[in-house]
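Hi,

Here is the model I promised to pass on. Have a look at it first, and my notes follow below.

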Amino acid sequence: MSVTTPSVASPKESGTAPLDVAALRRDFPVLDQKVHGKPLVYLDNAATSQTPLAVIDAMRKFYLEDCANVHRGVHELSQRATDDYEGARAAVQKFIGAAESEEVIYTRGTTDALNLVAHSYGRTHVQAGDEVIISTLEHHSNIVPWQILCDERGATLRVIPINDAGELLMDDYARLLSDKTRIVAVNHVSNALGTVNPVRQIIAMAHERGIPVLLDGAQSIPHMKVDMRELDCDFYAFSGHKMFGPTGIGILYGKRELLEKMPPYQSGGDMIKSVTFEKTTYNDLPYKFEAGTPNIADAIGLGAAVEYLNQVGMDRIAAYEKHLLDYATEAISAVDGIRLIGTAREKASVLSFIVEGVHPHDIGTILDREGVAVRAGHHCAQPVMDRFGVPATTRASLAFYNTEEEVDALVAAVGKVQELFG
Amino acid sequence: MSDLRDLYQELIVDHSKRPRNFGELEDSSHEASGYNPLCGDKIKLFLKIEDGVIREVKFIGAGCAISTASASLMTETLKGRTLAQAEVLFETFHFMLTSPKDMGSAHEGLGKLAVFSGVNEYPARVKCATLAWHTLKNAIEGRGDSAHTE
């Protein structure tokens, strides 16, 4: 039985040819449906992206043909499961340009990965009087773990401010860096505004003082090519379900020299070499950080998502999305009574906006009835909302399978909002 | 569009833009706050209750059109009502929002509040429409801390 059919539209030639979006959309059957009688326009990709057949097939194959536990390979199925599970890790390693697969740790998602670093690295390196630097743009998941750590340790959380466009104030960042700083943890791309942060500069400035940098890559990895060795970041965290893979799986990349020195995050099976009641010897990387039976099927799904993205081509995705974001920005900005929140020069795939006199929650409901799926709320980034003095925004977030026609449908639906509240 | 107008009726849009009884009450006897963490709707309710009758009721807060209009229309409806009447109103209102469609009309005695019947079709918005009422219950029961719609 052959179920891992390549996507019907995956262009093998890659290169610089433009995307055949109509063909790619056929890889995502979920997109072809009506919602409340209107064609679905899925613009909530920053929350969760859709899943191509190639990913669904890979996971289906695991359960249909290969389901067994990994790393206990005396029987054939376990060996196949282990091969596919580790094969997916190797695919991710290559995709993110990590030096070794041992630096690629499976987690439940970005939140889990960030917590791993805050717990394991944080608790061994952050002491009373020390400082941790984050930014105003962070998702709650890159705020709260550090807040808890700092409270526990008597350390101080320092926050890089932003300007009115939603860009980090780098002079302030320079002033925040000090001998007390133990780690800098910032997102690569803001989930609430779409700002692409100058991470190379952030990393270089921290490294001058020997301070490690963690990047929350949840919103960058679906939209641009990332290379760990080129970025030279120390940790990079991301989720499968925002990059066309399944939910419940994510990755923490970490430099080997740092991971080697870090204590386990959770403990149990698989993360040990030997256990007696007197002494336990921990396993090598990456298994030291993968306690218990892992999420095998979703890891394999993530591997398939990475292969799918390789076939489509990240450079081509980035080029197409830039064009689509420019188109959408212009179209939305042309509507009277709309204010874009987040107008950074470097942006990726997010349009956060408010409609004068209408609460985002009402906009979300009305857009839904027009078939347009967006996120309305604070996007788990309340400090960003506070900075702009709004309780919430409406956020349309794009993926490579979205089209100009769908942007037009969004703009038309916003028109209906204004009509209802006019 | 027509079904959206069932939810966002003119009266709701009007009350969301120009909420009645909006402001603080200096000589309130009962107060409570309400918060819907999902969408950030906030309300603070002030009541003046004498001999089991609601004499005055005002509110402040910020939220979506449904929650603001619901608070506004609630305050209009409550003035002069007994606490027992207020309780029946809340129960009838809640039933209208959450009962299955085939249970028939459940608007009796609701007056203007029947304008929220369309919310029944939007389960995610029931919390918006009931936030003010949950807060009312807390205020009457002397629980001034935050009411939640969860």
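In chain A, helix H2 (residues 53–66) packs against helix H10 (residues 296–312) at an angle of about 145 degrees, their axes 8 Å apart. Axes here are lines fitted to C-alpha atoms over the stretch in contact, and angles run from 0 to 180 degrees between N-to-C directions. The crossing of H2(A) and H10(A) is right-handed (the near helix is turned clockwise from the far one by less than a right angle). On the H2(A) side, the residues include A:Phe62 and A:Tyr63, and H10(A) brings among others A:Gly301 and A:Tyr308; contact means C-beta atoms, placed from the backbone, within 7 Å. By class, that contact has 12 nonpolar residues, 1 polar and no charged (nonpolar is Ala, Val, Leu, Ile, Met, Phe, Trp, Tyr, Cys and Pro; charged is Asp, Glu, Lys and Arg; the others, Gly among them, are polar).

This is a predicted model, where local features need pLDDT of at least 70 and side-chain atom pairs 80 or more, while totals for chains, interfaces and linings use all residues. Residues are numbered from 1 along each chain as written, with chains lettered from A and ligands numbered from 1 in the order written.

Chain A has 14 helices and 17 strands (DSSP runs numbered from the N terminus: H or I of at least four residues, E of at least two). The C-alpha atoms of chain A fill a box of roughly 75 × 60 × 35 Å along the principal axes.

As for the partner, 15 residues of chain B contact 14 of chain A. Helices H1 (2–7) and H2 (10–17) of chain B each supply at least two residues of that side of chain B, which has 10 nonpolar, 2 polar and 3 charged residues.

Cheers

Key:
Two residues are in contact if their C-beta atoms, placed from the backbone, lie within 7 Å.
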